[in-house]
Amino acid sequence: MPVLRDMEIGLMFWAGPDPVATIQNVKALGLRCGQLGIPGDYILDAAAWKAALDAEGFTIVTVFAGYNGESYADIPTVQRTVGWIPAPTRAEREKRTYEISDFAAAIGVASIALHVGFVPEDKSDADYIAVRDMVRRVADYAANNGQSFALESGQEPAPVLLNFFEDVSRPNLRINFDPANLILYGSGEPIEALGLLAKHVVTVHCKDGNWPPKDQPGALGTEMALGQGSVGIDKFIAKLKEIGYRGPLTIEREIEDQKQKLEDIKMAIGLLERLRA
Ligand code: MG
């Protein structure tokens with residue numbers, strides 16, 4: 001895998017049936033790195049992925065675990081279906097996460113990440129305790145695989161996440177900071193949150209969005225093309241430089257329209273090239 005530059009631009013992309021074709025689609029954008037999302041029902045074939053990465057000279061920075069049954073339709077649906085907060089799927093998702101960690105290790109990736117779901121604020125809450133203990137177990141498992149374990153930011157306010165980190169107390173537990181999520185979930189001003197969480201940030205998503213509509217409780221905000229939402233991507237990159245972040249700038253764009261998605265990603269690459277300079 002190639003050695004990356006500081007703030008190298010990459011893409012968050014999802015594993016398709018053919019690893020070579022999946023990687024070539026990302027390379028066609030002129031990129032050499034990315035974060036690989038693994039759908040819940042994806043059959044993990046580390047040998048095929050390792051061969052594809054070696055052949056294509058491509059770096060995967062993080063392997064992201066998705067789970068069967070997750071939906072991001074609105075905030076109540078996220079609370080009910082995403083990550084480790086839903087109790088009925090917790091054990092199955094823990095097992096899957098260990099498989100993801102082993103898969104990442106086998107293809108030479110030193111970080112795994114996921115959306116843990118909405119972490120409750122109340123430390124005596126049963127879900128809080130169960131998820132905290134599971135985070136500790138997975139962090140320790142990842143550490144044995146030589147990996148950091150990153151939680152995606154933004155479904156809870158930064159101070160709640162910070163308290164959670166202090167309580168979990170595992171050095172390899174880190175944050176994949178997504179500035180748009182804080183806006184989409186209405187959980188706080190992202191640049192300020194980045195300052196607060198800075199010491200835990202290992203990777204970032206470059207994603208943009210607008211705040212949820214005030215007259216629709218439970219609604220999510222709207223994801224936007226990079227630079228067209230409320231994050232202030234210029235301020236975000238400036239803040240990353242200020243906190244000494246040197247990792248990749250991983251573009252994330254999740255919309256159904258594949259043609260528009262491609263246009264937006266190309267535009268985002270151009271924008272980030274100017275801002276990182
Ligand atoms: Mg994200």
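In the predicted model, residues Y128, V131, R132, V135 and R136 of helix α5 meet N163, F164, D167 and V168 of helix α6, where contact means heavy atoms within 4.5 Å. These contact residues divide into 5 nonpolar, 1 polar and 3 charged. Helices are DSSP runs (H or I) of at least four residues and strands are runs (E) of at least two, numbered from the N terminus. The axes of α5 (residues 126-144) and α6 (residues 158-168) come within 10 Å and cross at roughly 60 degrees. The arrangement of α5 with α6 is therefore oblique, the class left after roughly parallel (under 35 degrees), roughly antiparallel (over 145) and roughly perpendicular (65 to 115).

A magnesium ion is coordinated by E152 (OE), D178 (OD), H205 (ND1) and E252 (OE) at 2.0 to 2.2 Å; donors are N, O and S atoms within 2.8 Å of the metal, or 3.2 Å for Na, K and Ca. Along the chain, the donors follow the spacing E-x25-D-x26-H-x46-E. D178, in the loop between β6 (173-177) and α7 (179-184), and E252, in the loop between β10 (249-251) and α10 (258-276), are 74 residues apart and link distant parts of the chain. Both D178 and E252 are buried, that is, under 20% relative accessible area with a 1.4 Å probe and protein chains only.

T81 lies in helix α3 (residues 75-81) and counts as buried because its relative accessibility is 11%.

Residues are numbered from 1 along each chain as its sequence is written. In this predicted model, local features need pLDDT of at least 70 and side-chain atom pairs count only at pLDDT 80 or more, whereas totals for chains, interfaces and linings use all residues; side-chain values use heavy atoms, with hydrogens and water left out.

Technical notes:
Buried means under 20% relative accessible area, exposed over 50%, partly exposed in between (1.4 Å probe, protein chains only). Axes are lines fitted to C-alpha atoms, for helices over the stretch in contact, and angles run from 0 to 180 degrees between N-to-C directions. Ala, Val, Leu, Ile, Met, Phe, Trp, Tyr, Cys and Pro count as nonpolar, Asp, Glu, Lys and Arg as charged, and the others, Gly among them, as polar.
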